[in-house]
Amino acid sequence: MGLLNLDVVSFAVYLFAGWAAYLVLLVFYRLYLHPLRRFPGPSLAAATGWYAGYWDLHMSGHMVKHLVDLHREYGPVVRCEPNHLHFSSPEAYSTIYSASSKLTKDPNLYLGFSASESVFTILDPALARTRREVIGPMFSRRAVLSLQPLIRDKIRTLCDKLSEYASRGEAANIARGFRSAAMDIITQYCHNECLDALEVEEFKHELFLSIRANSETFWIVKYFPIMEWILTLPRSVAFWLWPELKGFLAITDTMEDQVSRYTKDPSLLEKSAHATVYQRFLDPEVKGGIPSHSSLVGEAQNLLFAGSDTVAGALAFGTYHILTTPGMQEEFFAEICQLWPALEEEPTYEQLEKSAYLTAVIKESLRLSHGAVTPLSRVVPSSGMTIQDQHIPGGTIVSMDAPTIHLNPTLFPQPDLFLPSRWLDSATKDLDKYLVAFSKGPRACIGSNLAWAELYIAFAAVFRRFEMVVHGTSKEDMEWMDCFTPITRGDLKVKMRVREE
């Protein structure tokens, strides 16, 4: 027995020694033999991906902010992980995310969304293009223009709820109100079933709270890809191991139920006032064939997240900056009144678009809310490519992020200030190409037309009806952490009064 124990100990020692030797050789290779060894960056980042993991996990999604310091120290190209280059030049962004880009999405990032068959996460560019062609018509400008009654109806409901807070003299969590309105619009339009989040007290719909909790686990899922395994366990065990999983499964269950009902009985969709994603995908003649059940669930989840994140974020950040910039709220109100003099005569989206100042406010809100803030990583083709006059080896992960562009002081002087006027100067018309809240290229946000319409209508309606003041919300509350999209430490709360006619 003693000899057996000795053999086991010896085996364990050899196993550990072998593992340690492997790590030493791996680090040596990454530092001195790897194809990216000539690119500057911290040695620890070149040696291990856990350098970024420390900033994303321990420092709550702050790697994207730390990259600013790395570029300041190492220049416009930084090796931020063993096989990952991050760029800071606007020209590099145009190359990586150009309309003709042949780069594919990085599976290490996108498969962490547990919806690998959605148009957002599909890695194969050809399949993604086919899927986008199926649902693209739903988000064309023509389709969005016809959707105005639905958008205005939900924004009116939001304003009615805010009026109730005003009459009671209570502060409203307007950030959650904006998110609730955006979720109601996207679920009514795409899923044919309105979530009715605006009807829930204090805008606390359980699915909204689940999305928030799920978003905050983003980095855990990326660095510890055990979601699929945990989902095979009994739910009681899974929830014990990972309590936040309840939020993810609440969303999944809702989408699963919808998909099951509509696939079993497509006639349920016939009463819809407009085309839905399910009608598009369940058409027997759909290009690429009818997607699988799991793919439809993934698409439904993707639309719920993407259809509310950027819009709600831009409205919240924009409102906060307008209210905290002296004189800007009244200036904005005066501009809106020129388009909307009589409250009962609501202007159309097309009329609102003609307001240069409203447009500038929206662009500046998008710039400081960013959209997705995580570097959108792409894989260089096997043949390699040239970025910023440098050859990048095939298989390399390359990326940039929206904050790097939006906070570039050369493009946007005083980048941390909310200055709509920067978009009004005729000399700054070229700035539009540097507004990347919806990304760029063939994998850009498919719903940007709908988002713009919601932003115009919501900003105009809320600031036309209410005079507001920030209440119980500090500058620190509005600081964001990277959870793919920016998640603020707190929520924007305001007190308001209904404006007199």
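Two strands are taken to pair if DSSP finds at least two bridges between them; strands (E, at least two residues) and helices (H or I, at least four) are DSSP runs numbered from the N terminus. In the predicted model described here, local features need pLDDT of at least 70 and side-chain atom pairs count only at pLDDT 80 or more, whereas totals for chains, interfaces and linings use all residues. Residues are numbered from 1 along each chain as its sequence is written, and side-chain values use heavy atoms, with hydrogens and water left out.

L85 has V398 of β8 as its bridge partner. The strands concerned, β2 (residues 84-87) and β8 (residues 397-399), pair in the parallel sense over three bridges. Both belong to an open sheet of five strands with mixed pairing, in the order β1-β2-β8-β5-β3. Its edges are β1 (77-81) and β3 (104-105); each has a single partner strand, so one side of each lacks a neighbour in the sheet.

An open sheet of three strands has antiparallel pairing and the order β4-β12-β9. Here β4 (172-173) and β9 (466-470) stand at the edges, each with a single partner strand, so one side of each is without a neighbour in the sheet. β9 and β12 (residues 493-498) run antiparallel and are joined by five bridges; E467 has R497 of β12 as its bridge partner.

Helix α10 has 18 residues and spans 25 Å from its first C-alpha to its last, close to the expected 26 Å (1.5 Å times one less than the number of residues). Just after α10, N192 takes a positive phi of about 70°.

H205 lies in the loop between α10 (174-191) and α11 (206-215). It counts as buried because its relative accessibility is 14%. A polar atom of the H205 side chain lies 2.9 Å from the backbone nitrogen of L207. Leaving aside residues up to four places away in sequence, H205 touches L195, D196, A197 and V200 (heavy atoms within 4.5 Å).

α4 (63-74), α17 (293-324) and α21 (402-406) each supply at least two lining residues; α4 gives the most, with five.

Methods. Buried means under 20% relative accessible area, exposed over 50%, partly exposed in between (1.4 Å probe, protein chains only). A polar contact is a pair of N or O atoms within 3.5 Å; within protein, one must be able to donate a hydrogen and the other to accept it, and residues adjacent in sequence count only if both atoms are side-chain atoms.
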